[in-house]
Every structure is written in structure tokens, then in C-alpha cells.
Amino acid sequence: MGAYLLRRLLQLVPVLIGMTIVTFAVVHFIPGDPAQTIAGEKATPERVEEIRKELGLDQPLYRQYVQYMGNLLQGDLGDSLVTNRPIVEEVVPYLAATIELVVASMLIAVFWGVNLGIFSAWRHHSAWDFFAMIIALLGISIPVFWLGLMEQWLFAQTLDWLPSNGRMDPRIGMEPITHFYVVDTILYGDLEVLWDVLKHLILPAIALSTVPMAIIARITRSSMLEVMRADYVRTAKAKGLSEFTVIYKHTLKNAFIPILTVIGLQTGTLLGGAVLTETIFSWPGMGRYLYTAISERDYTVVQSGILIVATLFVLVNLLVDLLYTCLDPRIQYERK
Amino acid sequence: MEKRLMRWSSWVMLFLCFSLIVSCHSGSIQKDQGSMLIYGRGADAKSLDPSQVTDGESFRVTQMIFDTLVEYKDQNTEIQPCLAEKWESSPDGKEWIFYLRKNVKFHDGTPFNAEAVVFNFKRWMDREHPQHKGAIAFTYYPDMFAGFKGDPNHVIQSVTAIDEYTVKFVLNRPLGPFLANLAMPPFGIGSPTAIKKDPVQFGEKPVGTGPYKLREWKKNDMITVERNEDYWKKGFPKTDKIIFKSIPDNAARFTALKSGDIDLMDGMNPSDAIQVEKDPKLQLFKQQGMNVAYLAFNMRKKPLDHPQFRLAINHAVDKKRLISNFYANLAEPAVNPYPPFMLGYNDELKDHSFDLGKAKRLIEEAGLKGVKLKLYTPQDPRPYMPNGKKIAEFLKEDFKKIGVQVEIVTFEWKTYLDKVKSGEHDMALFGWNGDNGDPDNFLYVLLDKTNAREQNSSNIAFYTNEEVHQLLIKAQSTVDRTKREQLYRQAQAIIKKENPWVPLVHATVPIAGKASIRGFYPHPTGGYKLDQVEIIEK
């Protein structure tokens, strides 16, 4: 197991180096540069040139890349060109915000997705199956920004049940400990604020969960259908086990490998791709951080930010691979 | 059994770790009492050191924390005293003496005096100054005072303290908009103690003399400022605390206002303004637009160098319909390059009538029928142009009727700037937000020949009229108001005759707030004095 893990982690290195080359090239080849953002639209060309020099952007590209990589290998993600703050420091709250949101929406997506899929497979070819798959189809096709705005209109503006945006009531001042607000409020032991944080989490988490929920539901359905035909399931039924036990204990466990794969991929995707949800619910997360950096041409932030997201993506999927062994003892990564 | 023990012990460990973190952490949760205003806006500030930034969102906050020597009046761009109680200038406009307000303190207790003013100016203008550093870069200073100390055109020769409360400025040449420049938010006076301590960190921990001091900044989320108990203006600020909340999506921000999560918001879709006016729980504030949206002709290219062609296009733009279709009537048609409430606006000039027949005739006479041109337009909404692409399509229809074929070309904002400023376009939709309320800031920047450059040109019509240039230079270096007024009127008359642009509109900026808000005056510069705002719940 240890050797496998090490090998997988080493494989990460070339992937990430390739990643840095691609992002570096892409951000540098789009027109406009950070010196212009900093100098403002009204600055003279001389001033823009001066700032470009200060930032080291007048250097040839390969030298800029070598320097960036040099710092990176020493564990330095660099400073933001626009705010001049170290990215390591800047990124923590954004990353925490996004992870919190993604975890919440994946919880929703997995619970509903898996159950919807099971239900659909169990009542195969019935009106229920049809209905459940329509829901899944809607989940994939509804534009997230539209759903988000509708949620806000219904639950915040019309019914006034839930707050429309943000991570917490702005009137509450909380010094963050871990930057995961749910964890922080528990650590502070303030249930009232915890409830407030949870209320803020509900609408964006639902909006973000629809796509993965739908994908999980469809995979669960097809995987379940396959396993349900297996002999041992029939045997279990014949033994007189309750339907619930047969489905959740015997069938689901064996059907879960492809579902887990999809869960891993979706979690990874959401980590960097929640930009629409984050924008509509003004959730100060990674997606928006990167989006702003791209529109300001903040090269280092784009490069390092994408690197962080990519690393997380790979790690989540590695975790999934490791979880396979827990689900299915036949899967082993050690060579015998 | 062993397994269960393991599980239990790991839970206990986890609990211990948590308690350790909690006990080590000195932070707390505070639930606020007192009056509060939540201001919703599209983006966060970049830095809170006003000398380092150029974006309105940063200034929106620094204006609450810092005061300037002089300031604009509540509803126009005339100058009134602020940290300087009064001032005088020599007849040639090269020497200025400012008498400062006494008994003013920075938020950190440092006394405000002439030394503090001198320190700030030296930090901004002298590249060799030990604190000539900051989080980002000094940008507005070189823009407004023509470079730094030692540069050939630099305006300020020296700043000295005559006594504790008197400061003297000596200029290398008179500068017409000198006072207007000093009133701009980037020239807010900061505490020398705090700046000397760490000029870079000053952008995170700003210290000024303003009505509010910074309490907390959650990046990309919100900035909280709280009342400065020792503020020199007695009875202000009216509200204990202001929260600047970033809500990037316009529609979501409007929903937040309607559901009561925020009290005041800017950056509205013009079409939402109608809803606000109908809603008894809300009120609409209209900020006079110190801006202009225009269609620029690239006069370096054919046939745009042909005066008759430019006149024809001017006759082919229906500004009235433009305003009703795309601005929800929140704009006024532009005749000149800057709005009527500013100094020296030439109200004798009449606009070219919308007359497609005449336009068509002019095009035919010039033998330009069937000409094909590229019309550049930005993708992103700007305050002066909510939907550039739609406007371009609208213009295209009418241009077709007079025999001019137009292909619309569009880019994302940063790319767009790059392309247009290097003169790639034939015609381009563009605009300008004024900085200091002075006509120089419009005419010189947008239409003077020195600003028609190969790269990064701010004069994107590439209009190079020597007579206009002479008038503008003269107006720039005159302090006498009436003289300047005349010079600008003359310049506008020439520009109106030569038509380097089609001036489209001056857009009114809609701002929405709860009906219970009092004391909010949206200033034409876009800088708001929120210290006068209060919420009166009935």
C-alpha cells in the first residue's frame, strides 16, 4: 500500500509540471497584462512600462517561467502581482470557503443522487423510474445561475426563510480559526451562529449539487441494474432477506465502485468550477478568486491557483482509488 | 473489542485537538449592536492605501477612512474646505498656501499637522523617499501631477511646512485643475506614524483622519468600518458602522436589497430602476453622470478622415431611441465631450439632428456609398454603456440605411482596451468616467494630440488638431476660472465642427436603497460621503 501511494504521488509531479507550462503559456498569451490593471485605464504608457519593469514582466518569457518554477520548487507559490500579498496566505480563506461549499453540496448530491438512482433501478421501467430520470435530466440541464436566482427569489425575497448571499450574517464579527465556518462556530460553541452559517450554506449548496446529483443518480441506476441481475442477489432474495437489506447491503456495495468514481470526479470538478454559484451567492471562494485573477491578468495567482485546484483534483481521485480497496477487498494495489 | 477501543480513542484525540485549538485561540464572536448600513457593490477593494489604487471600489472605502486637504461640495464638483480650512494662491498660480484645521487626530492618535501633509506628498512624489513603497504602485499621483519629482514635466516643485498648521506648495508651472486634483480620493492624508511603521502593510491597515476607521476586512467578501469617535466634524458620522459587501452579480445584489439583506446598492441594471421606483419599500437615487459614452472615428484611417463622412454618421445616430432602448431613459443625449454641469460647457452648440435622408445624401456626395467598416464594441457592461453589443447592433441597422456596411467586432474588456488603444478599429464604442470634475480631465485626455499615441492611446479618435491643442494647454496652465471657461468653450466649438466622435450620452447612474435611508447624496464623481447617511425606521 505504502509503495503504491508513493508511486501515485510521484506520478503527480510530471502532471503538475505539465499543468504549470500550459497555464503559464495560456495566461501570458492572452492580450493585456497586469501592469495595465495596476496602473489603471488612465495611466500614461510610460507609467505602464515602468510598472511592467517593476514586476519583472519585461524579462523574456522563459526566464519568467524558470524563476516561477524555481520559487515553486522551494515551496513558494509567489505573490499576487496585483495585491502584492503572498498567495499562500491569500488563498486559505478562499479554499476553505470552496471546500465547505463543495462538501455540503456533495453530501446533498450523494444522498439524493444515490437514493434516486436506487429507487429508479428498483422500480425499473415504471412511472417512478421515468419520473426519477426526468428529475435527473432536469438536474443536468437547468442552468446553475438561473436556479440560483430563482432560489434567491423564492426563499430569500418572497418567503424570507433564508439569506440570499454570503457565508454568514455580516452583523456578526467572527475571528476565523480554521476558515471553515461550520467548524469554527462549533469550536466557538455558538449554536446560534452555527445555525446562521448553515442557513447561508443551504441555497448555494443546493444550486451547486444539482449537476453532480443528476450524474450520480444516472450512474447509480445503471450500475444497480447490472448488479441486481447477479445470481447472488437472487439468492439473497430467496433466503428471505428483506428488500431493504438486499438493496442497500448486498447490491449497493457491489454497485458502488463506478458511483464512487463519479463522486470523486465531480468533487474535483466542483472545487475549481463553482464560479457561477460563487458569483450569484457572493461566496468568497476559489472560483471567484481565479476568475478575478484572470480578468486582471494576475499571472502568478492564475498559475498557482490553478495548480492548487489541480493538485486537489488529483488527490481527491487518489483518495477514491484508495477507497476502492475498502469497498472491494479483491482490489489490491500491492504487488504480490 | 480492540477495534472499538481504537475508534473511541481517536474520537477522544480529535476532541482534545479541537479543545486545544479553541483554548489557544484568543478570537471571539461578536454580535453587533448599534446603527449599521450595509452597502452592496460589485467587487471588493484592492488595497486601502488610496495612493496605490485606481479602482472605484477601493476609493469607496478609503474615502470613509481618509480626508483630503479640500473636498467637493455635496452635489457638484465645486471645491470646499476639508482638512485645509482656507487657502490662497499667488496671482500667477505658482504658489499655494494652505491653512490647516487644528485639533485633528489620526485614528492612531498621531496629531494632524503641516508635517504630516508634507510627509504624505513627499512619499507620493519622491522616488527616493524611504516610504515611497506600497502594496501596489503609485498611480494617480504621476497621472495628475505629470510624473514624479525629477521628471521633466512634474508640476510640484516643493511642499514645505511654514509653521505647524501652514503648508506651502510651489509649482513649476501653474496647473488649472490643481485644487480639483487635491480633492480627489487618492490624495487622502495618511498617518505618518502608521506609514513609517510599514508602508506596504498600510494598504491592509490604513490609518487616516476620516469619519470611520477600519475594523475588519474579509477579502472578496466584506469590509467593515466603524465610527471614529474623535472625528473633527461634530455630529458625524450618523451611523455607527458601515459594511461594504461585495455581491458580484447585479441581479443577485438587487435580490439582496429587496429581501432586506443590504440597505444600499450600486451597479444596477438600468431596467431594474423602474422596479425600484414602483416599490414603496425602496427609493431610487440618480447620480448625475460625470461621464460620456461615444462612438470614436479612427481618423488615421480612410474614409474616416473625411469630414463629410463623419458628419453623415453623426446625422445617422438616433440618441433618443438609444436612451429609451438601452438606458431605460436614465441618460441624456451628449452634444459635447463632457456633461453640461461642468465648467465651461458650451451650451450654444446645437447637436446634429437625426436625419437619415441628409446622412445618406452626404455619403453619396462624398462617393462613399457601400463602404465597409469595422465597429468595435466592448462585451462587458460599463457604467456609461450597459450593453455595448446591443448598441452596436442598433447603430448598424441605421448605418445600413445610409449605405454604410458595418461589421461588429467584440472582445472581453482587457483585450478590448488593448486593441482599441492601439488603433485597430475603424470605429469604436467607448466612454470615460471623469476623475476630478475638471474639463481638462475630459478634453485633454480624450482629444488632445499628445494623447494620440501608437500604443495605449487615450485619444482613440487619433484626433490631432493644433488649435485645440493650444487652447487646452493654455487652459491647463491658467488658474483664472473665467479665462479657462472661455478657452474650453472655444475648444468645444472646434471639436463640434470637426466631429472626431459621435458623442452619444451622459449616463445617469442609478443607485437603489431602502426607503428609510436619509442623507445620501450620490456625487457626480461617484465618491459618496456616507458619513451623512442614516437609516430612519418608522
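This is a predicted model: local features need pLDDT of at least 70, side-chain atom pairs count only at pLDDT 80 or more; totals for chains, interfaces and linings use all residues.
Trainee: In the open sheet of 7 strands in chain B, which are the edge strands?

Mentor: Read the order first: β9-β10-β11-β2-β12-β20-β13, with mixed pairing. An edge strand here pairs on one side only. That picks out β9 (212-218) and β13 (282-287) of chain B.

Trainee: Which residue is the bridge partner of B:Val225 in β11(B)?

Mentor: Strand β10 of chain B covers residues 222-227, and β11 of chain B covers 241-246. The two pair in the antiparallel sense over 5 bridges. Strands of a sheet pair through backbone hydrogen bonds, either parallel or antiparallel. The partner of B:Val225 is B:Ile242.

Trainee: Helix α8 of chain B lies across which strands, and at what angle to β13(B)?

Mentor: The helix takes in residues 270-278 of chain B. It lies across β13 and β20 (509-514) of chain B. Its angle to β13(B) is about 130°.

Trainee: Leaving aside its neighbours within four places in sequence, which residues is B:Phe121 in contact with?

Mentor: Nonpolar side chains tend to be buried together in soluble globular proteins. Contact here means heavy atoms within 4.5 Å. With those sequence neighbours left aside, the list for B:Phe121 is B:Leu69, B:Tyr141, B:Ile156, B:Val159, B:Phe169, B:Leu182 and B:Ile189.

Trainee: Which element gives the most to the lining of the second largest pocket?

Mentor: The pocket has a volume of about 910 Å³. Of its 37 lining residues, the closest to the centre are A:Thr44, B:Pro142, B:Asp143, B:Ala146 and B:Tyr444. At least two lining residues each come from α3 (45-54) of chain A and from α4 (140-144), α14 (440-447) and α15 (466-476) of chain B. The most, 4 residues, come from α14(B).

Trainee: Which element supplies the largest share of the lining of the largest cavity?

Mentor: The whole structure holds 6 cavities of 30 Å³ or more, and the largest cavity has about 290 Å³ of space. Among its 21 lining residues, B:Gln63, B:Phe66, B:Thr68, B:Glu71 and B:Lys529 are the closest to its centre. Two or more lining residues come from each of α2 (56-65) and β3 (70-72) of chain B. The largest share, 3 residues, is from α2(B).

Note on methods. Residues are numbered from 1 along each chain as its sequence is written. Chains are lettered from A and ligands numbered from 1 in the order in which they are written. Side-chain values use heavy atoms; hydrogens and water are left out. Two strands pair if DSSP finds at least two bridges between them. Axes are lines fitted to C-alpha atoms, for helices over the stretch in contact, and angles run from 0 to 180 degrees between N-to-C directions. On a 1 Å grid over the protein atoms alone, a cavity is a set of points where a 1.4 Å probe fits but cannot get out, and a pocket is an open set with protein on both sides within 12 Å along at least five of seven lines; lining residues have an atom within 4 Å of a point. Grid points are joined across faces, edges and corners, and a volume is the space filled by probe spheres set on the points.
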